[in-house]
Amino acid sequence: MSEQRKTTYDGGFPGLIQQMEGRRAPITYAEGEALPALDVDLAPLKTQLMAGAAPELGDSRSGYARKYRALAEEFDGEPALLHLHGLLIANLRRRGQPDHCSALFQRLWAEEAAFLMAHLDARWLVSAITTFGDHGMTEVQRSVGHALSVLFGMMKLYETERLFSGATPDQPHSWKKRSAKHLAMQMDAYAVGGAGGLDVNLLGRLWQEGSDDPVMAPLVQRLLNLLIEDDKTVFRRLQTMRSRRQKQVAAAEAEKGKGAEKRAEKPLAPAASRLVHDPAALSWATVTLAKAPLPEILQFVAHHLSLGAAEVHIYLDAPDPATVAALELHPQVQVTACDDAYWAGQKKPRMKNQEMRQIWVATQTYAQTSCHWLAHVDVDEFLLPPEGRSVAEVLAAAPDALFGFRMHAAELMASEEDGVFKLNNRAVGKRHAVIEEIYPTFGQHVKGGFLSHVEGKVIVRTGADGVRLGIHAALHGGARVKNVAFADGLFVGHAHAPSWEVFRTHMQQRIDSGSYRRRDAEEARVLGELIAYLQEHEGEAGLRMMYDEIALDTPERRAALRAHGMLLLHPLRLDQKVAEVFGPLLPALPDLPEGAS
């Protein structure tokens with residue numbers, strides 16, 4: 001016989017239900033006892049004061065009389081309308097209440113909400129909202145009332161337990177004391193210092209939905225305002241923790257910035273042999289560690305060769321013979337299969353981290369190429385020169401003192417039109433508030449309004465000794481090369497999630513080890529945390545809603561981007577470029593994967 005699981009409550013849910021129902025026995029009435037009629041005049045009850053001894057009941061010992069006296073004692077010297085309100089709630093918590101009880105409760109709140117809220121304390125207001133949940137006349141009253149009842153009930157439970165923690169109710173916990181990574185039932189903890197929006201969404205929805213019902217709206221709004229004004233709740237404590245963390249991060253960044261001015265950024269003089277200002281004589285190249293299907297690699301290569309790249313260096317992270325053979329057909333493509341033999345010949349074994357492998361091969365290429373300039377880009381990134389100018393012309397105009405250009409990122413949108421890109425707020429010199437305006441639901445959680453990186457990529461002059469070519473920067477002697485400026489009109493277009501299918505396919509890998517993961521404890525907006533929250537609370541529909549708002553090309557979103565100078569239309573024509581660059585060469589291969597030609 002299998003061992004029976006131990007439960008928190010004896011008898012499990014059958015026992016729990018039996019205990020709950022035992023408390024809902026109807027209130028008994030003696031002869032002549034009754035609630036006031038539904039059409040009772042409420043005005044006198046606001047001035048009539050209760051006597052705690054309740055002499056009007058005589059010596060009755062009915063359930064009604066006991067409850068009446070208990071409430072009379074509680075509201076001794078208070079208006080009789082409050083006593084009636086308590087009696088109605090007491091009856092509505094039981095089975096078999098008088099037929100007009102619910103309607104009379106509704107009438108009190110429809111006609112006397114202001115009076116009730118002016119005289120009842122928060123405990124009775126919570127009891128009232130719970131009663132709306134059980135006996136509401138509309139779906140909104142029942143759903144919002146029940147949700148608030150659960151919220152305040154759980155608050156009472158966890159705040160009671162907290163009384164035994166040794167911490168006062170208004171005392172937030174220290175950031176240094178976290179006992180576990182996961183909560184009960186393997187739930188991820190709320191992102192206190194990051195993009196956690198659980199509290200905002202929870203309270204905001206209750207406010208919005210509760211405000212739709214005219215009878216219940218004043219009560220809902222009063223309770224929620226009391227909640228966020230109280231400094232002894234988990235909401236205030238978490239906000240205090242977040243505020244303190246932000247100050248700590250800001251202070252750390254300030255200290256880091258002071259040091260960065262001295263050690264993290266240094267200028268590097270370009271090699272004299274790379275100071276070429278004639279576009280016809282200037283050569284440039286790209287380097288990429290690729291792990292993608294051959295058709296996608298061919299599109300990447302064809303695009304950059306068509307722009308005038310002298311060399312396209314492709315390092316295959318997971319090489320296969322057909323891809324190697326296809327790329328080797330073009331004389332300007334330098335393909336390297338990063339197999340076991342390749343890594344055995346390097347000074348270091350194969351790194352587990354993909355970014356470290358990218359930096360390794362990019363740095364190798366930097367040291368070996370004879371081209372004047374080198375760009376380190378991914379296989380889904382495409383240089384986008386300004387209209388009417390070539391990449392070589394942009395590079396040839398660089399001042400001699402400049403070591404390289406940084407290219408602002410442009411993210412490809414999901415569109416039926418070719419080459420619809422958007423820019424982030426940094427690229428146009430605007431604050432993040434613009435992002436929240438364009439993407440009202442998710443903009444506050446998504447850095448720059450991008451699903452991908454906002455840092456952009458660099459294209460730098462070659463020929464300098466000791467340069468390490470990173471993902472987003474060139475480094476020398478452990479410091480970023482300082483004399484790198486943003487290129488005028490030269491962007492790097494990122495086809496990161498050009499369709500829902502592509503986004504969904506790569507999502508988990510990007511959360512686990514890619515661009516959606518938290519890179520350090522101080523990062524403010526982490527897409528992986530937003531995705532995790534949506535998966536838990538909204539499911540696939542929530543994910544799709546986020547993708548559509550951030551990535552989908554719609555007339556309204558395009559107009560908003562254009563209004564802020566953040567729309568970039570740059571057709572790629574990738575299939576046409578593949579046909580032009582590789583068309584005459586590919587028939588030489590007998591067994592190309594489908595879609596490669």
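Predicted model: local features only at pLDDT ≥ 70, side-chain atom pairs only at ≥ 80, totals over all residues.
Local features here require pLDDT of at least 70, side-chain atom pairs count only at pLDDT 80 or more, and totals for chains, interfaces and linings use all residues. Residues are numbered from 1 along each chain as its sequence is written, and side-chain values use heavy atoms, with hydrogens and water left out.

I begin with the cores. A nonpolar core is a set of buried Ala, Val, Leu, Ile, Met, Phe, Trp, Tyr and Cys residues joined through side-chain atoms within 4.5 Å; buried means under 20% relative accessible area with a 1.4 Å probe, protein chains only. The largest core has 85 residues, of which Val301, Ile314, Leu451 and Phe503 touch the most other members. Helix 11 (residues 294–306) supplies the largest share, 7 residues; helices are DSSP runs (H or I) of at least four residues, numbered from the N terminus. Beyond neighbours within four places in sequence, Val301 is in contact (heavy atoms within 4.5 Å) with Val312, Ile314, Leu327, Val333 and Phe582. A second, separate core of 53 residues includes Leu82, Leu203, Leu206 and Val215.

I turn to the helix pairs. Helix 6 (residues 122–135) packs on helix 9 (residues 217–229) at about 135°, with axes 10 Å apart; axes are lines fitted to C-alpha atoms over the stretch in contact, and angles run from 0 to 180 degrees between N-to-C directions. Among the residues making this contact are Leu125 and Phe132 of helix 6 and Arg222 and Leu226 of helix 9.

For helix 3 (residues 63–74) and helix 4 (residues 80–92), the angle is about 140° and the axes are 10 Å apart. Tyr64 and Leu71 of helix 3 and His83 and Gly86 of helix 4 are among the contacting residues.

Definitions and conventions
Buried < 20%, exposed > 50% of the residue type's maximum accessible area, 1.4 Å probe, protein only. Helix = DSSP H or I, 4+ residues; strand = E, 2+ residues; numbered from the N terminus.
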